[in-house]
There are 2 protein chains.
Amino acid sequence: MTLWVETIGFTAAALTTLSFVPQVVRTLRTRDTRAISLWMYALFSAGVALWGLYGLLIGSWPVIVANAITLVLASIVLWHKLCETPESPSG
Amino acid sequence: MTLWVETIGFTAAALTTLSFVPQVVRTLRTRDTRAISLWMYALFSAGVALWGLYGLLIGSWPVIVANAITLVLASIVLWHKLCETPESPSG
């Protein structure tokens, strides 16, 4: 694989992982999670945890590290969503 | 690679891709994107597009298909966030 193809892969991984930072910052700052879907963050966090497990099983450190960081960030948003006072519509 | 390791990988991919469905449903239903970070969806969509390009370059159909679906879903949320009336705080 050429270097620029690998660079595209690493850039993609960095963007999808670090994209959750502004969401975490916004959630911590505003404590507003009403527009955020509980199911999205529950399913996404489960998926990212499985990606991390997959990384462990195939021995891929980039997969493990990227998904560990994403799991921490997504879990912060999920936690705040779970602490939200009940309101409707849910989803 | 054993079958169950591949199954974990496919399950992880399915969960992280399909997790955006409930967010899209909620956003289309409520038209509320205030708690959602514009920067998250901008960076995430760019990252997913690069993942798709990476899949094309390495000839991996699962990477292409999973990221194409995710890009469509994330773009719907991003579009509604961009159409949101101005308010503060942004992020």
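Arg31(A) is exposed, its relative accessible area being 58% (exposed means over 50%, buried under 20% and partly exposed in between, with a 1.4 Å probe and protein chains only). The model is a predicted one, in which local features need pLDDT of at least 70 and side-chain atom pairs count only at pLDDT 80 or more, while totals for chains, interfaces and linings use all residues. Residues are numbered from 1 along each chain as its sequence is written, chains are lettered from A and ligands numbered from 1 in the order in which they are written, and side-chain values use heavy atoms, without hydrogens or water.

Arg31(A) belongs to the loop that joins α2 and α3 of chain A (helices, H or I of at least four residues, and strands, E of at least two, are DSSP runs numbered from the N terminus). The phi angle of Arg31(A) is positive, near 55°, although the residue is not glycine. In chain B, Arg31(B) is placed in the loop between α2 and α3. Arg31(B) is also a non-glycine residue with a positive phi, of about 55°, and with a relative accessible area of 59% Arg31(B) is exposed. Most residues other than glycine have a negative phi.

Chain A contains 4 helices and 0 strands, and the order of its elements from the N terminus is α-α-α-α. Its C-alpha trace spans about 50 × 25 × 20 Å along the principal axes. Of the 91 residues in chain A, 44% are buried. Among the contacts in chain A with a separation of 6 or more, 71% come from residues 24 or more positions apart (contact means heavy atoms within 4.5 Å).

Within chain A, the axes of α1(A) and α2(A) approach within 5 Å and cross at roughly 10° (axes are lines fitted to C-alpha atoms, for helices over the stretch in contact, with angles from 0 to 180 degrees between N-to-C directions). The two helices, α1(A) and α2(A), are therefore roughly parallel (angles under 35 degrees count as roughly parallel, over 145 as roughly antiparallel, 65 to 115 as roughly perpendicular and the rest as oblique). Thr16(A), Thr17(A) and Leu18(A) of α1(A) make this contact with Phe20(A), Val21(A) and Pro22(A) of α2(A). By class, the residues of the contact are 4 nonpolar, 2 polar and no charged (Ala, Val, Leu, Ile, Met, Phe, Trp, Tyr, Cys and Pro count as nonpolar, Asp, Glu, Lys and Arg as charged, and the others, Gly among them, as polar).

Helix α4 of chain A, residues 61-82, comprises 22 residues. From its first C-alpha to its last, α4(A) reaches 31 Å, close to the expected 32 Å at 1.5 Å a residue (the expected span is 1.5 Å times one less than the number of residues). Buried residues of α4(A) include Ile64(A), Asn67(A), Leu73(A), Val77(A), His80(A) and Lys81(A). The cover over the buried residues of α4(A) includes α1, α2 and α3 of chain A and also α2 of chain B. Ile69(A), another residue in helix α4 of chain A, is partly exposed at 39% relative accessibility. Its C-alpha atom is separated by 22 Å from that of Asp32(A), 37 residues away along the chain.

Helix α3 of chain B, residues 38-58, has 21 residues and a reach of 30 Å from first to last C-alpha, close to the 30 Å expected at 1.5 Å a residue. At its N-terminal end α3(B) is capped by Ser37(B), a side-chain oxygen of which lies 3.3 Å from the backbone nitrogen of Trp39(B) (a polar contact is a pair of N or O atoms within 3.5 Å; within protein, one must be able to donate a hydrogen and the other to accept it, and residues adjacent in sequence count only if both atoms are side-chain atoms). Just after α3(B), Gly59(B) adopts a positive phi of about 70°. The buried residues of α3(B) include Met40(B), Tyr41(B), Phe44(B), Val48(B) and Tyr54(B). They are covered by elements that include α1, α2 and α3 of chain A, together with α2 and α4 of chain B.

Two buried residues of chain B touch chain A. Gln23(B), in helix α2 of chain B, is buried at a relative accessible area of 1%. The side chain of Gln23(B) reaches the backbone oxygen of Ala35(A) at 3.0 Å. Beyond its neighbours within four places in sequence, Gln23(B) contacts Ala35(A), Ile36(A), Ser37(A) and Met40(A), as well as Ile36(B), Tyr41(B) and Val77(B). Ser19(B), in the loop between α1 and α2 of chain B, is buried at 0% relative accessibility. With residues up to four places away in sequence left out, Ser19(B) touches Met40(A), Leu43(A) and Phe44(A).
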